[in-house]
Amino acid sequence: ARTLAERLIAAVCAPYDVHGQSIVIGISVGVALITSGTHGADDHMWRADKALYRAKALGRGRIAVFGEDILGGPQDG
C-alpha cells in the first residue's frame with residue numbers, strides 16, 4: 001500500500017502544462033488496511049479519514065498509515 005501511495009504522489013505531483021503555464025499539484029495520502037479489527041465499511045472509511053488528516057498535518061506529499069495508536073497519531077512516512 002505504501003509503494004502504491006508513493007507512486008500516486010509522484011504521478012499527481014508531476015508538473016502539468018496548462019495553457020503554457022506550469023502547474024504543480026500537491027497531495028497527501030491516508031492508508032487504512034483492512035484487518036480483523038476493522039468492523040465494516042464505515043469503520044474502514046473512518047480509519048482512512050483519520051490517516052488522511054494525519055498525512056495532511058504532516059505536509060504536502062506525505063503518507064500516513066492508520067495504526068492502533070491513532071489517538072496518538074498513526075504511523076507516518
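How much accessible surface does the chain have, and what percentage of it belongs to carbon and sulfur atoms? I looked this up before anything else. The accessible surface comes to about 5200 Å², and 57% of that belongs to carbon and sulfur atoms. I note here that the model is predicted.

**Entry: layout of the chain.** I listed the secondary structure and found 2 helices and 5 strands. Along the sequence the pattern reads α-β-β-β-α-β-β. I then checked burial: 27% of the 77 residues count as buried. For contacts between residues at least 6 apart in sequence, I noted that 36% join residues at least 24 apart.

**Entry: nonpolar core.** I looked up the largest nonpolar core, and it has 6 residues: A5, I9, V29, V31, I63 and V65. Helix 1 (2-12), strand 3 (29-31) and strand 4 (63-65) are the elements that each give two or more residues to this core. I picked I9 from the list and asked for its contacts, leaving out residues up to four places away in sequence. I9 touches I27, V29, G61, R62 and I63. Of these, V29 and I63 are also members of the core.

**Entry: A32.** Is A32 buried or exposed? Its relative accessibility is 13%, which is under the 20% limit, so A32 counts as buried. Beyond its neighbours within four places in sequence, A32 is in contact with H44, R47, A48 and F66. I also took one C-alpha distance: A32 and K50 are 18 residues apart along the chain, and their C-alpha atoms are separated by 8.8 Å.

Entry: W46 lies in helix 2 and F66 in the loop between strand 4 and strand 5 (75-76), so the pair ties together parts that are 20 residues apart in sequence. W46 is partly exposed, at 41% relative accessible area, whereas F66 is buried, at 13%.

I also searched for charges over rings. K56 lies over the face of Y53, at 5.2 Å from the ring centre.

**Entry: S28.** I found S28 in the loop between strand 2 and strand 3. S28 is buried, with a relative accessible area of 18%. With neighbours within four places in sequence set aside, S28 is in contact with L52, A55, K56, G59, R60, G61 and R62. G61 and R62 are also touched by I9, and K56 is the residue over the ring of Y53.

**Entry: backbone angle at H19.** Most residues other than glycine have a negative phi. I noted that phi of H19 is near 50°, a positive value in a residue that is not glycine. H19 is found in the loop between strand 1 (16-18) and strand 2 (21-23). At 82% relative accessibility, H19 counts as exposed.

Notes. Residues are numbered from 1 along each chain as its sequence is written. This is a predicted model: local features need pLDDT of at least 70, side-chain atom pairs count only at pLDDT 80 or more; totals for chains, interfaces and linings use all residues. Side-chain values use heavy atoms; hydrogens and water are left out. A nonpolar core is a set of buried Ala, Val, Leu, Ile, Met, Phe, Trp, Tyr and Cys residues joined through side-chain atoms within 4.5 Å. Buried means under 20% relative accessible area, exposed over 50%, partly exposed in between (1.4 Å probe, protein chains only). Helices (H or I, at least four residues) and strands (E, at least two) are DSSP runs, numbered from the N terminus. Contact means heavy atoms within 4.5 Å. A charge sits over a ring if NZ of Lys or CZ of Arg is within 6 Å of the ring centre and within 35 degrees of the ring normal. Accessible areas come from the Shrake-Rupley method with a 1.4 Å probe; for residues, only the protein chains shown count as cover.
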